[in-house]
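Hi everyone, thanks for coming along. Today I'd like to walk you through one model, a few residues at a time. Please have a look at it first.

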Amino acid sequence: MRIEAIIATIWIFTTYTRTVMYFYVSVVVFSNIFNIKDYRPFTKALGMIMVFYSSIVFPTVPSAGEFNKNIWLFHASILGLVMPLLLFITAKFKISLKSTMVTNNDNTDVS
């Protein structure tokens, strides 16, 4: 078997797995937003929205290539670097603020 076929198979499998995981997380988040314990009612509706949206965003293969060439780097850098960094900084700030509040409360209780 040629190495290209193995790589293509692995690529298709990982893309499918990633898409299924993203879809599952999206459905669960939507069910949590609307306070519904069962996520299954959202699967069909969100699946149809996803198919419709994908045909609008990428109507042809060259448009997908154009998106990757012009927009993807900016989009990926915001979602992959800036947002996690912002969340990390916010979490550290909240932890330090909470520890400062606890030490201030301990100091006022002693006096």
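Let's start with S31, which counts as buried because its relative accessibility is 2%. Buried here means under 20% relative accessible area, exposed means over 50%, and partly exposed is in between, with a 1.4 Å probe and protein chains only. Before going on, a word on the source: this is a predicted model, where local features need pLDDT of at least 70 and side-chain atom pairs count only at pLDDT 80 or more, while totals for chains, interfaces and linings use all residues. Residues are numbered from 1 along each chain as its sequence is written, and side-chain values use heavy atoms, with hydrogens and water left out.

Back to S31, which sits in helix α1. Helices are DSSP runs (H or I, at least four residues), numbered from the N terminus. What does S31 touch, leaving aside its neighbours within four places in sequence? The contacts are I36, D38, Y39 and F42, where contact means heavy atoms within 4.5 Å.

F42 brings us to α2, where F42, L46 and G47 are buried. They cover an arc of only 125° around the axis, so they are on the same side of α2; that arc is taken from the directions from the helix axis to the C-beta atoms. Part of what covers these buried residues of α2 is α1. Over on the other side of α2, K44, M48, V51, F52 and I56 are exposed.

Now for the largest pocket. A pocket is found on a 1 Å grid over the protein atoms alone, as an open set of points where a 1.4 Å probe fits, with protein on both sides within 12 Å along at least five of seven lines; lining residues have an atom within 4 Å of a point. Its lining has 19 residues, with T19, Y22, M50, Y53 and F58 nearest the centre. Two or more lining residues come from each of α1 (3-33), α2 (41-57), α3 (61-70) and α4 (72-110). Which element gives the most to this lining? That is α1, with seven residues.

Last stop, helix α4, where we find T90. Because its relative accessible area is 39%, T90 is partly exposed. How far apart are T90 and Y16 in sequence and in space? They are 74 residues apart in sequence and 33 Å apart in space, C-alpha to C-alpha.
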